[in-house]
Amino acid sequence: LTLIIVLAHQNGDETVHKFKTATDVLRYAVKLSDGDSSLSSRCWFRHFTRSEARLILDSLEAIHERALEEDIMRRPEEFKRLMEGIHINSERYSKRYPKIYEVMKRVYSNDIHETYNARLERYFNNDEIAAAAKHLMRRPGEMARSLDRLLRMARNDEERLDFIELFAAKTEQIPTKLLWELSKYFENRQKGAPRIAMVKSANAFIPVRLPDFKTSWQFSDVVYDRLQEVLKEGIRAQYATRDKLKYVMCDNQLESYLMPTANRSTESALKPLTRGTRMKVSDNANILRLFLYWQGKDVDLSVVLANKDFSKVTNISWENSFRSDYFKPKDVVHSGDITYAKHGAAEFVDLNIQSMKQSMPDIKYAIMFVYSFSKIPFNRIEKCYAGVMERTTMGKRKYYRSRIDECQGNIYEAKTVKIKANLTSSSLSVIPLAYDFETNEVIWLDAASNADDYSISRSSVERARTTLDYFSVQRKPNIHEVIMANVEARDGTLVAKCTIMDEEGNEYDVWCKAKTNELLDISDDEVSKFSLDEGITPCDLEELLTNYL
């Protein structure tokens, strides 16, 4: 939104755009100053032209005073710097924009009204749970985010069920994305899944372990089942308002692919996927090649091998790819270290899957690490790609710390690429992916770090372990269950291909209703297909987000 409005304003459109919140206006001002519109890092505001300042102030003035004050108090320092640069205290603006002027006076003197969240905290702190529930009903989104706290503080199951019914009346006003995430959250908590949060830092989302859930926080089956029923009913009710579906084919393999819930943090990739997605490795691919391509100064590739509880850990790098107590030389090949490549260089690590399973029967993970040894953030490197290939032969290395001089097949073969993505974060290290030896799956992680690491360390290994624990359970819905919910709510008919034989003994494929023998006289064009390589695939993020989530 901010990008579009900036472009429109630069092209002469001075229409006042109705921003929903003051934070949206702040994002616009940050974008004008070439800052980070996600507001994850500090921004220095440039001098705004009069037309830009008027658009900012007109947009803020149009917001309700209490909502304006409450939003400004979420980021008071940023708004203070913004208003000082615009000179809201000047005679020109103070009389023209009295609402903003009065709110900023109260912000500076800290003489503010009790905000929505402050009142909510007061109710919770005073154990006024019924008043808190009534207060939350004014804002369904906040009610969804506070639902767990509300239910945990309830005195008994009867009160919890009453609160769930209050929540049920508001589900149609809550985004389906949030309802799905709530469903997965309560499901994982009920199962005792690891309690880990992705905390936003300056240039990455960092996994942080939280105290384990208390046993007392788990709900009875009656409460849990009713809660899940309300969440699913709310999702289906919203899907039912969309255009009807006709015939749908949905591949069961999509159960391993997570539904995208946002696009802004997705890397530019050959096959963009949601973090945590698991991809089956082909049965006839015995060699995995974890590869890195870059141009410019030194970028390094390393791989950490670990068992299930990380009690055995070793790393593969240019200096120890031929000696370790944990793996044998025939198991792995590192292409060697290249320190400068003006026109581009490729490094890779080959893993012989079957050989490694025999040498290391307890092995669980091979985790790919990429470091900017030159300490240049990835978003300032001209080209930097990482990914994995499914191969049938190992590469060969002739000299210590050198390029590959003999290699069976080309170093880069496009047809063997499983996934490839640009590394564009503002960090110096990233974990693009990991391979799970037990399940024979590649796990797409794309986990950047805010640490200034440039080699494998104890902290980086622990970060990898926490990241893998976070993605060990589904914290987002998978594509298959979302499509099934759409089919059910939007009156779709689930179909599948079945093979029949004519009187002359010839076999051919026709469409039939799924899980039945009822044949359908329909063409391929009438069927909406969801699969790994046909119709809508897991890589069609915008299509899935827009029309099905």
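**A close look, starting at a loop**

Modeller: D127 has a relative accessibility of 41%, so D127 counts as partly exposed (buried means under 20% relative accessible area, exposed over 50%, and partly exposed in between, with a 1.4 Å probe and protein chains only). Before going on, bear in mind that this is a predicted model, in which local features need pLDDT of at least 70 and side-chain atom pairs count only at pLDDT 80 or more, while totals for chains, interfaces and linings use all residues. Residues are numbered from 1 along each chain as its sequence is written, and side-chain values use heavy atoms, with hydrogens and water left out.

Back to our spot. D127 is not a glycine, yet it has a positive phi of about 60°. You'll find D127 in the loop between helix 8 (116-125) and helix 9; helices here are DSSP runs of H or I with at least four residues, strands are runs of E with at least two, and numbering starts at the N terminus.

The axes are lines fitted to C-alpha atoms, for helices over the stretch in contact, and angles run from 0 to 180 degrees between N-to-C directions. The crossing of helix 9 past helix 10 is left-handed, meaning that the near helix is turned anticlockwise from the far one by less than a right angle; clockwise would be right-handed.

Who does the touching? On the helix 9 side the contact uses I129, A132, A133 and L136, and helix 10 brings P140, E142, M143, S146, L150 and M153, with contact meaning heavy atoms within 4.5 Å. Sorted by class, this contact has 8 nonpolar residues, 1 polar and 1 charged. For the classes, Ala, Val, Leu, Ile, Met, Phe, Trp, Tyr, Cys and Pro count as nonpolar, Asp, Glu, Lys and Arg as charged, and the others, Gly among them, as polar.

Now look at another helix pair. Helix 3 (residues 50-61) packs with helix 7 (residues 98-109) at an angle of about 80°, their axes 8 Å apart. Helix 3 and helix 7 are therefore roughly perpendicular to each other. L57, L60 and E61 of helix 3 meet P98, K99 and I100 of helix 7, and the contact residues split into 4 nonpolar, no polar and 2 charged. Helix 3 also holds R54, which is partly exposed at a relative accessible area of 28%. R54 sits 43 residues from Y97 in sequence, and their C-alpha atoms are 9.8 Å apart in space.

An open sheet of 6 strands runs in the order 4-16-15-10-6-7, with antiparallel pairing (two strands pair if DSSP finds at least two bridges between them). Strand 4 (278-280) and strand 7 (313-316) are at the edges with a single partner strand each, so one side of each has no neighbour in the sheet. On average, neighbouring strands here are turned by 25° against each other, direction ignored.

Within that sheet, 8 of the 8 residues of strand 6 are buried, so strand 6 is largely enclosed by the rest of the structure. D300, S302, V304 and A306 point one way from it, while L301, V303, L305 and N307 point the other way. Strand 6 (residues 300-307) pairs with strand 7 in the antiparallel sense over 4 bridges, and V303 has I316 of strand 7 as its bridge partner. Strand 6 also pairs with strand 10 (residues 363-371), again antiparallel, over 8 bridges, and there S302 is bridged to F369. The hairpin of strand 6 and strand 7 has 5 residues between the strands, and F310 in it takes a positive phi near 60°.

N440 is not a glycine either and has a positive phi of about 55°. N440 lies in the loop between strand 15 (429-436) and strand 16 (441-449). At 17% relative accessibility, N440 counts as buried, whereas D127 counts as partly exposed.

Conventions:
Angles under 35 degrees count as roughly parallel, over 145 as roughly antiparallel, 65 to 115 as roughly perpendicular and the rest as oblique.
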